[in-house]
Amino acid sequence: MNEKPNDRKKLENALEHADLRVLLMVLYHVTGDEKWLSEPYCPTRDVTVIADINAGFDPEQQAGIRHAAADILSRDAKPAITDPGNELMLRMMRHCLNEQVPPEYAEMMREEVGFASRLAEWHDPGRARQKLGSRKFRVGIVGAGTAGIALATNLKKIGVDFVVFERAQEVGGTWREHTYPGCSVDTPNHAYSFSFGSRYSWSRYFASRDEIQDYICGIADETGIRQNIRFSTTVTSAAWNEDRGIWEVGIDGPDGHETAEVDALVSAIGQLSKPYRMPIKGEETFTGQLFHPMRWPTNLDLSGKRVVVVGTGASAMQIVTTIAPEVGHLSVYQRTPQWVRPIPRYHDPIDEDQQWLLKTVPFYAEWFRLTMLWRYGDGLLPTLRKDPDWPHPTRSVNSTNERHRVQMVDYIKERLAGREDLLDKVIPGYPPYGKRILLDAGWYDTLRRTNVELVTCGIDHIEGDTLVRSDGTSEQADVVILSTGYDVNTMTSGLNITGRNGQSLADTWGKDDPFAHLSISVPGFPNLFIISGPNTALAHGGSGIFMNECISRYIADFITHMVEDDIQSVEVTQKAADEYTARVNAEHEGLVWTSPGLDSYYRNSRGRVTSANPWRMVDFWSMTHQADPENYHVTYRHQAAAEAAQKDGSWG
């Protein structure tokens, strides 16, 4: 905080815009007075993403809480409570949210809001200093997006040497690469951000790509990891050297090709880093511009142009709603209709008074973040479980899912009133949330425009400036935007990685069947860890940055043990990887993403879900909070180290 909230007038004005459920937690932190966790100060439960700030209190109660807050916060007093600890944190969460929050969430949320650190620490700092002084241990990280930054920050904190190989000239990953019009996040930014570092002054609840990229760059500066990043450097191969117990990493950089040696290799490549598309017959004859959104041309002018967008996924919806007012004509080619969820206040700005509260009032930003995380977290997952007795499994998976379906259908009909010709085209026949749920930022309003056409047949071929459809009709186009998704299954295997005994990761995973223990480790590949690996996409809610942080802590914890205990290599057992994969598959069989007839990028060609994570966020957090050596083959550098570890009992 850069200032104190002791400007009474400014404070009173800002408090008129305060979320009262958050403000109650602030008052308890500052005073320790139990009355703020008791009746009559009990907020109503609100599951909307951007909740009513008055929290169900009547006008008199609202005024009383805000007046008390002005009195208390204008004093320059030391808070009675900083980190509440798990037991008190649980009480506060239950009161703030008016929900019976399960106990296991307390510690996870303390980390998420910054009351406790999620970064790994040395188990024996003195021993670690001794070992680091006698042994050079280096970690190689591929990618400087949010995953790479999360791990790099952890390693920086504990003092382990690392290098980040980044093919581009700046950090940011997918947010650096995607510059198409309308690009923005579909998770509230107060949840889609790191648990560490300074809080960013987001201009909206759902911020634009430019703000997210600016935030990521700022975190890289603040944490001091830039000096460890080799920009404009592409990893071309990685091979495990069994005799020396290291990874030999082939890289192409500004000075040409070279080989870097690291003790541990970490893939921090995101799942949205490789565009996927099927070529269109005759596309080489197209006289206009044809590209994937990830390759958006600089300074592209679409004014008055005839534009075609192929696809109706997340990026397509953002592009279409943004460019429709400026183009001459826009055709949107849809293969499968999408479920689109209304988000009231999606475009709302965060005004000056709210910004002041978040920046200035102690504990306000922490609890505001918590409420956003909770409402966009695990609450939906139980409603996505299949009811074996449900009579309509192709359209919904249980009674709650059916209720959500009816609500969304009613919403679609309301938005398209007068355009009933569109209803059969846009109402899906599969269960809600079976594919990635999308947010309505003007989608249905855009489809109503006179210069927009929704096309439900495919493109057979292209002849010059003409697109010939599969139904025999045709249209002319100046620009074709192929918003056809991403190759989410190649991931780390695209790095040309060779493990023990010449084993190729690409061969191990095959065309589209990636697997890994805890989504992190693959048998046959010692000292190789993966962030954003198979089954790490949170399809029910939550934040991808959260997943990156969980896995980064797990990896960092492993590395602390490797340094302290003089370990040369750790390799997950085949048994552990197989058992985890079986657990994931079994869990998915009971969830919406394996519904009959459902085809989505979450599933591979055999129907196995390889992208979406089936667990609650808190379950995955628990699974990855510390290393699990019992599931690994551990090799020590020296026999004495092995004997000492065996005597200790934990790493023998």
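**Bridges, burial and backbone in a predicted model**

Biologist: What makes the pair Asp 421 and Arg 419 a salt bridge?

Modeller: In this predicted model, the closest N and O atoms of Asp 421 and Arg 419 are 2.9 Å apart. The cut-off between a side-chain nitrogen of Lys or Arg and a carboxyl oxygen of Asp or Glu is 4 Å, and the pair therefore counts as a salt bridge. Arg 419 itself is partly exposed, with a relative accessibility of 23%. By the same rule the count comes to 45 salt bridges.

Biologist: How do you know that Glu 104 and Arg 616 tie together separate parts of the chain?

Modeller: Their side chains meet in a salt bridge, at 3.0 Å from N to O. Glu 104 lies in the loop between α4 (85-97) and α5 (105-113), whereas Arg 616 lies in the loop between α18 (574-589) and α19 (617-623), so the bridge joins parts that are 512 residues apart in sequence.

Biologist: Why are Glu 104 and Arg 616 called partly exposed?

Modeller: Glu 104 has a relative accessible area of 35% and Arg 616 has one of 25%. Buried means under 20% and exposed means over 50%, so the value for Glu 104 falls in between, and so does the value for Arg 616.

Biologist: Which residues are linked in a network of salt bridges?

Modeller: The network links Glu 111, Glu 112, Arg 118, Arg 369 and Glu 549.

Biologist: What makes the polar part of the contact between domain 2 and domain 3?

Modeller: Three residue pairs are in polar contact between domain 2 and domain 3, counted where both residues have pLDDT 80 or more, and the count of salt bridges between the two domains is one. Asp 186 is partly exposed at 21% relative accessible area, and Arg 436 is partly exposed at 29%.

Biologist: Why is Gln 355 called buried?

Modeller: Its relative accessibility is 18%, and the cut-off for burial is under 20%, so Gln 355 counts as buried. Gln 355 lies in helix α11 (residues 352-360). Not counting residues up to four places away in sequence, Gln 355 touches Ser 201, Trp 202, Ser 203 and Ile 350. The side chain of Gln 355 also reaches the backbone oxygen of Ile 350 at 3.5 Å.

Biologist: How do you know whether the span of helix α17 is close to what is expected?

Modeller: Helix α17 (residues 544-564) has 21 residues and reaches 31 Å from its first C-alpha to its last, against the 30 Å expected at 1.5 Å a residue, so the two values are close. Most of α17 is covered, since 20 of its 21 residues are buried. At the N-terminal end, Ser 543 caps the helix with a side-chain oxygen that lies 3.1 Å from the backbone nitrogen of Ile 545.

Biologist: What makes Asp 566 and Asn 496 stand out in their backbone angles?

Modeller: Asp 566 has a positive phi, near 55°, in a residue other than glycine, and Asn 496, also not a glycine, has a positive phi of about 60°. Asp 566 sits in the loop between α17 and β20 (567-572), and Asn 496 in the loop between β17 (479-482) and β18 (497-498). At 7% relative accessible area Asp 566 falls under the 20% cut-off and is therefore buried, whereas Asn 496, at 47%, is partly exposed.

Biologist: What is the peptide bond from Glu 39 to Pro 40, cis or trans?

Modeller: That bond is cis, with omega near 10°, and Pro 40 is placed in the loop between α2 (20-31) and α3 (59-73).

Key. Residues are numbered from 1 along each chain as its sequence is written. This is a predicted model: local features need pLDDT of at least 70, side-chain atom pairs count only at pLDDT 80 or more; totals for chains, interfaces and linings use all residues. Side-chain values use heavy atoms; hydrogens and water are left out. Helices (H or I, at least four residues) and strands (E, at least two) are DSSP runs, numbered from the N terminus. Buried means under 20% relative accessible area, exposed over 50%, partly exposed in between (1.4 Å probe, protein chains only). A polar contact is a pair of N or O atoms within 3.5 Å; within protein, one must be able to donate a hydrogen and the other to accept it, and residues adjacent in sequence count only if both atoms are side-chain atoms. Contact means heavy atoms within 4.5 Å.
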